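Take a look at the model below before reading on.

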Amino acid sequence: MKKIYGLLVLASLAVAGCQKDTAINKPAEQEKVAVSFTAKLPANMVTQGSADGGIVGNNVDFTNDCSLRYIMCVFDNSNNPVLNETIITSDPAIPVLFNVRLVPATYKVAFWADIITKTSYVADKYYNTDALSSNGTISLYGSELSYLFTGSSVNTEERDAYAFAKTIDLTASGITDNITLKRPFAKIRLVATGQASDLLAIGKTVNVEGLKVPKTYNILNGTSSGEVTLMYSAINTYNDHSNGEQTLFSDYVLPPSSGKIECKITVSGYTEYTASNIPVELNKLTTIKGNFNIP
């Protein structure tokens with residue numbers, strides 16, 4: 001005689017957001033213990049200005065265009081997926097609350113937070129999270145080995161994102177914990193020491209090409225793999241600094257194992273520049289400076 005057991009999918013409200021949870025394994029409720037995680041972004045990310053960037057502050061329009069998506073994925077000791085939940089919020093300054101119940105055991109938990117389009121609810125925008133619930137990895141969206149960013153996709157802080165992983169032991173009791181996610185990327189930016197406004201005013205644009213960085217990040221073990229070539233075309237906007245310099249371009253990238261990157265910088269109609277052996281480090285800002293306003 002065959003027995004068929006139904007899966008129970010729970011939905012609950014979270015602070016300043018909506019929550020979607022998918023149970024992969026649902027043993028009897030009385031066998032489980034309570035697990036509660038309060039997840040948030042670093043406090044300094046909530047307050048810092050646009051000079052060093054970030055998905056918080058005044059850099060991303062959470063009112064009209066964007067939402068912040070938190071994903072939590074739970075794995076057993078053999079790395080088999082157990083449970084995953086998603087919470088969507090419109091205020092990056094307010095922590096979100098994950099409440100689940102798990103069978104007493106030891107688990108690995110991966111957290112991810114990124115920007116999505118407000119109207120898409122949970123659909124990926126800049127990062128592919130299809131494998132996150134199965135093996136704890138995210139990657140640059142799609143299968144391409146190179147990406148060309150143009151127009152509004154250049155100089156957007158929306159590609160900032162955060163991750164965290166930890167092992168929890170529930171053999172004795174449930175837990176309540178606070179989680180602060182960390183940025184798994186390095187940030188790079190191109191700064192003009194001359195008058196970039198004059199350069200752009202006469203119709204000149206800046207291209208950045210040949211930037212090779214890892215494509216995939218494993219949140220569970222903190223390693224990057226694969227390779228993708230990034231290109232940024234027709235950069236024609238800039239941000240003024242108080243000292244008269246201008247940021248022409250910035251982005252977030254996974255640091256390669258060598259800790260070095262290189263790229264070619266071209267000012268339309270002018271000379272090409274090659275920037276080599278540029279140091280990049282996890283969760284730090286690297287600035288490439290030069291006088292690109294050639295007469």
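The model is predicted: local features need pLDDT of at least 70, side-chain atom pairs count only at pLDDT 80 or more, and totals for chains, interfaces and linings use all residues. Residues are numbered from 1 along each chain as its sequence is written, and side-chain values use heavy atoms, with hydrogens and water left out.

## Salt bridges

A salt bridge here is a side-chain nitrogen of Lys or Arg within 4 Å of a carboxyl oxygen of Asp or Glu. The whole structure holds 8 salt bridges by this search.

| Pair | N to O distance |
|---|---|
| Asp114 and Arg69 | 2.8 Å |
| Arg69 and Asp124 | 2.9 Å |
| Lys125 and Glu158 | 2.7 Å |

Start with Asp114 and Arg69, whose closest N and O atoms are 2.8 Å apart. Asp114 lies in strand β7 (residues 106-117) and Arg69 in strand β4 (residues 66-75), so the pair ties together parts that are 45 residues apart in sequence. Helices (H or I, at least four residues) and strands (E, at least two) are DSSP runs, numbered from the N terminus.

Arg69 also forms a salt bridge with Asp124. That pair links distant parts of the chain: Arg69 is in strand β4, while Asp124 is in the loop between β7 and β8 (127-128), 55 residues apart.

Asp114 and Arg69 are buried. The relative accessible area of Arg69 is 2%. Asp124 is partly exposed, at 21%.

Now turn to Lys125 and Glu158, whose side chains meet in a salt bridge. Lys125 lies in the loop between β7 and β8, and Glu158 in the loop between β10 (146-149) and β11 (162-169), so this pair ties together parts that are 33 residues apart in sequence. Lys125 is partly exposed, with a relative accessible area of 29%. Glu158 is buried, with a relative accessible area of 15%.

## Nonpolar cores

In soluble globular proteins, nonpolar side chains tend to be buried together. A nonpolar core is a set of buried Ala, Val, Leu, Ile, Met, Phe, Trp, Tyr and Cys residues joined through side-chain atoms within 4.5 Å. The largest nonpolar core has 43 residues. Which of them touch the most other members? They are Trp112, Leu211 and Leu230.

## The cavity

A cavity is a set of points, on a 1 Å grid over the protein atoms alone, where a 1.4 Å probe fits but cannot get out; lining residues have an atom within 4 Å of a point. Grid points are joined across faces, edges and corners, and a volume is the space filled by probe spheres set on the points.

The search of the whole structure finds 1 cavity of 30 Å³ or more. The largest cavity has a volume of about 90 Å³. Its lining has 16 residues, of which Tyr127, Leu140, Phe185, Tyr252 and Val253 lie nearest its centre. Strands β9 (137-140), β17 (228-235) and β19 (246-253) each give two or more residues to the lining. The lining divides into 12 nonpolar, 1 polar and 3 charged residues. Here Ala, Val, Leu, Ile, Met, Phe, Trp, Tyr, Cys and Pro count as nonpolar, Asp, Glu, Lys and Arg as charged, and the others, Gly among them, as polar.

## Cysteines and a neighbour

The structure holds 0 disulfides, a disulfide being a pair of cysteine sulfur atoms within 2.5 Å. Cys73 is buried at 1% relative accessibility. Cys263 is buried at 6%. Thr274, in strand β21 (residues 272-279), is exposed at 58%. The C-alpha atoms of Thr274 and Cys263 are separated by 6.0 Å, and the two residues are 11 apart along the chain.

## Two positive phi angles

Asn79 is not a glycine, yet has a positive phi of about 65 degrees. Asn79 sits in the loop between β4 and β5 (81-89) and is partly exposed, at 38%. Asn283 has a positive phi near 60 degrees. Asn283 is in the loop between β21 and β22 (285-290) and is partly exposed, at 40%.

Terms used. Buried means under 20% relative accessible area, exposed over 50%, partly exposed in between (1.4 Å probe, protein chains only). On a 1 Å grid over the protein atoms alone, a cavity is a set of points where a 1.4 Å probe fits but cannot get out, and a pocket is an open set with protein on both sides within 12 Å along at least five of seven lines; lining residues have an atom within 4 Å of a point.
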